[in-house]
Amino acid sequence: MAMFMLFCMIYLIPGDPAAVALGPRATEAMREALHIKMGLDRPVWVQFLNFFTDAWTGDLGREVLSDRPVLDVVMEQLPHTLILIAGGIGWSVALGIPLGAWAALKRGSPAERIIGIASVAVIAIPSFVIAIYALLVFAVHLRWLPAIGAGEPGDFKDQAMHLILPSLAVGLGWVGYIARMVRASMLEVLEATHIRTARAFGLPERMITYRYALTIAILPTVTLLGVGIGHMLSSAVFAEIVFARPGVGKLVYDAILTRNYPLVTGGVLVTTVLFVLINLFADLVVGSLDPRVRSRF
Amino acid sequence: MSLPTVNLLTIRDLNVRFATERGELHALRDVGLDIGKERIVGIVGESGCGKSTLINAILGLLANNGRIDGGRILFNGRDLTRLDPKSMQALRGIEIATVFQDPMGALNPVISVGRQMRNIQYRSSLRNKEKDARSVAMLQRVRIPDAKQALHRFPHEFSGGMKQRIAIAMALMMEPALLIADEPTTALDATLEVATIDLLKDLQAGIGCSVLFISHHLGVIAELCDEVVVMYAGEVVERGSTSQVFNHPNHPYTARLLECDPARQAKRTRLLPTIPGEIPDLRHRPPGCIFASRCADHRSACQAPPPEIEVDNGHFARCIHARHHDENSRSRRP
Ligand SMILES: Nc1ncnc2c1ncn2[C@@H]1O[C@H](COP(=O)(O)OP(=O)(O)OP(=O)(O)O)[C@@H](O)[C@H]1O
Ligand SMILES: [Mg+2]
C-alpha cells in the first residue's frame, strides 16, 4: 500500500527525469535510450509491477547518474540519518523525561506552568525553524559549534560536535511531547494504589518516585517515540538540508531536484522499512521494561 | 497526662476536613476509639462513612486537600498528629503496616515480588540473601506455593487471592505492632474470604499484633473481631465488644444495620430492609445528632449534639436514647 502511494506520487512529479538527468544539451535519441533503460517507455502499471517485484528481492534498481545500485547508495547514507535520529531521541528523552517528571512532582507550582507552556511552544515550532535558528545562534553568532557537515570521518569528537545542533533540531519538539506525556502518566501513576501501599510501608520518597512511579510513567514514552519516528524522519530531512549533513533525507532531496527517480523511490522505501522496524523495536523495548507485556509474547 | 498503657492506639476527638471545590467537607467529627494490645478491632459502616479517611489519618497519608483539625491519635503514647513526616515515615511499615482495599492494584506491577519484599526491608542491615530468605519464609507462612520461585514472579502472574495473601505477607514481614486492614477481603469471593480471615487470625496470634480491620461485611466482623466500632457519616455512633454491640445494639443506626444484614435475616421476608433516607451532606453537617434525619425515634432533643453514653463496661453509644445497661434491661444481666 505504502509502496503504491509512493510510486503514484513520484510518477505525478512534473518533468521528464531523462531530460533533467541528461541536461539541456542532450539529443532526442539520448533521451529515448535513457527512457528505455529506466523502463519509462512501458505502461505505468508495468512500471509499478516491475518496481514492486524487484523491491521484494532487495533490488531497488540502479540510479541514473552514476549507475550504482540504489540500495548501496541509500545504505551508504543511512548511518548518518540513524545517528541523527538517535541523537534526536537522546535529546528528547534526556530533557523530556526529567522535565515531565519534575512538572508532575511540583504540581501547581510556577515550574510546572513554565514547563507546560514551553512544551506546547516547542511542539508548535516547526523543526526547520528550530534548525535555522539553532544554526544562526550557536554556530554563526556564538560560534560554539560547527555549522555544517557531519565532521571528519574517524574523528569521534568532531562528529559528535557536528551532531549536537542538528539532533537538537530533530529532537526539541519531542522534548515537549515527552514532557507532557511523562507528566500526565506520572500524575496518574502517583495516584495508584500501589504507590499508596509503598508509602504505607514507609519506603523513602526517592525510591517511590524513581523506582516505583517513574519506571511505569515512562512506558508510554517508548510507544510514543516508536510512532513518532516518522515525524522525526521528516524533521531529519530538514536538519540534513539546513546543516548540509549527509544522510538519506539529503540524498532524497537532491534526487528529487535532479529527477533521479530510482534514488527517490529507493530512499523513501528504505525509510519506510526503517519506520516499521523501529516500531517493532519500540514494542520489544516496552516488552523488556513492562513484565505485563512481556508475558504476552 | 497519664496514659492507659493497655492501649496500643487511642483516638480522641479526631476531626478531619477536606477542602473541595464546593466547600469544606467535614469527613470525620469527634472520632474516638481504643485498640488494646493484641486485640482485633473492626470498623463497620456504609460506603463513604469515612473508614478509609480514618486509617489515612492514622497513617499520616491524608490526601493533599485533607487536614486533621483537632484531636489526638496516641500510638504507644506518642501523638501521631504532632509527629513530623520523617518520624511518621519511620513508623510506617515497621510499627504500623497496612493492607489496602484493592489487592489487584496494591502491588507494583513492574517490580518482582521478591524485589518489592526486599525493598520493604530496606531499613534492615541484613544482606540481600538473608532478606530474601525472610521473604520466602513469610510467603510460606501465607501459604504461597513455591515461595522461592514466587520471588522472581510479577504480581500479574498471581490470582487475586494470592495477591492479597502476598500483600498480607508484606505487611506482616516486619512484625508490626498494629496491622491495619482496609477491607482486605471485599474483592475476594466468599470461600477465599473465609480462608483469608482464618489466615489473618492465625498470623495475628502468631505475631501478637493488634489489628484494625475495616469491613462493611458484618459476618466477617463478627467472626474475626474482639471489638467493633460502628461509624456513620464520619462519626463513631457506637463501639464496644463484638458481643455487646451485636447482641445489645444501643444506637438506632446499629440496630438498623444489623436488621439489614442479609446473613442475619430469618426467612420472614423476601425484601431486604433498607434504612430510609440518605446520608447527610458532609459539607453541611447538621449540628445535632447525625442520624436524626433517618431516625424513627427522633425528638427535639436530638437537635443538640448527643453525648457519648457508656451503656455498659466499655460499650458506648452516641444517642440520647442510650441507657446504661442496668437501667435499660436488668433482666439481661446475670
Ligand atoms: N481527598 C478527598 N477530597 C474530598 N473528599 C474526600 C476525599 N477523600 C474522601 N473524601 C470524602 O470523605 C468521605 C469519606 O470517604 P472514605 O473514602 O473515607 O469512605 P469509606 O468509608 O472508606 O468508603 P468505602 O467503603 O467506599 O471505602 C466521603 O464522603 C468522601 O467523598
Ligand atoms: Mg474505603
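A pocket, on a 1 Å grid over the protein atoms alone, is an open set of points where a 1.4 Å probe fits, with protein on both sides within 12 Å along at least five of seven lines; a cavity is a set where the probe fits but cannot get out, and lining residues have an atom within 4 Å of a point. Grid points are joined across faces, edges and corners, and a volume is the space filled by probe spheres set on the points.

Two notes on conventions. This is a predicted model, so local features need pLDDT of at least 70 and side-chain atom pairs count only at pLDDT 80 or more, while totals for chains, interfaces and linings use all residues. Residues are numbered from 1 along each chain as its sequence is written, chains are lettered from A in the order in which they are written, and side-chain values use heavy atoms, with hydrogens and water left out.

Let's start with the largest pocket. Its space is about 1200 Å³. It has 38 lining residues, and the closest to its centre are A:Arg199, B:Leu61, B:Leu62, B:Ala63 and B:Asn64. Which elements each supply at least two residues of that lining? In chain A, they are helix 5 (70–105), helix 8 (156–190), helix 9 (193–200) and helix 10 (205–217). In chain B, they are helix 1 (51–59), strand 4 (66–68) and helix 2 (85–91). Helices (H or I, at least four residues) and strands (E, at least two) are DSSP runs, numbered from the N terminus. Helix 10 of chain A provides the largest share, five residues. By class, the lining splits into 19 nonpolar, ten polar and nine charged residues. Here Ala, Val, Leu, Ile, Met, Phe, Trp, Tyr, Cys and Pro count as nonpolar, Asp, Glu, Lys and Arg as charged, and the others, Gly among them, as polar.

Next, the interface. Contact (heavy atoms within 4.5 Å) involves 22 residues from chain A and 26 residues from chain B. Between the chains, about 2200 Å² is buried, and carbon and sulfur atoms give 63% of that. Buried area is the accessible area (1.4 Å probe) that two parts lose on being put together, summed over both. On the chain A side, A:Arg196, A:Ala200 and A:Phe201 lose the most, together 30% of what that side buries.

Helix 9 of chain A gives the most to the side that touches chain B, with six residues. That side has ten nonpolar, six polar and six charged residues.

Now the cavities. There are two of 30 Å³ or more. Residues from both chains line it, including A:His194, A:Phe201, A:Tyr212, B:Gln116 and B:Met170. Helix 9 of chain A gives the most here, with three residues. The lining has seven nonpolar, three polar and no charged residues.

The second largest cavity is about 40 Å³. Its lining is B:Pro252, B:Cys289, B:Cys295, B:His298, B:Cys302, B:Cys319, B:Ile320 and B:His321. That makes six nonpolar, two polar and no charged.

Last, salt bridges over all chains: the whole structure has 21. One pairs B:Asp69 with B:Arg17, at 2.6 Å, N to O. B:Asp69 sits in the loop between strand 4 and strand 5 (72–75) of chain B, and B:Arg17 in strand 1 (residues 7–20), so the pair ties together parts 52 residues apart in sequence.

Definitions and conventions
A salt bridge is a side-chain nitrogen of Lys or Arg within 4 Å of a carboxyl oxygen of Asp or Glu.
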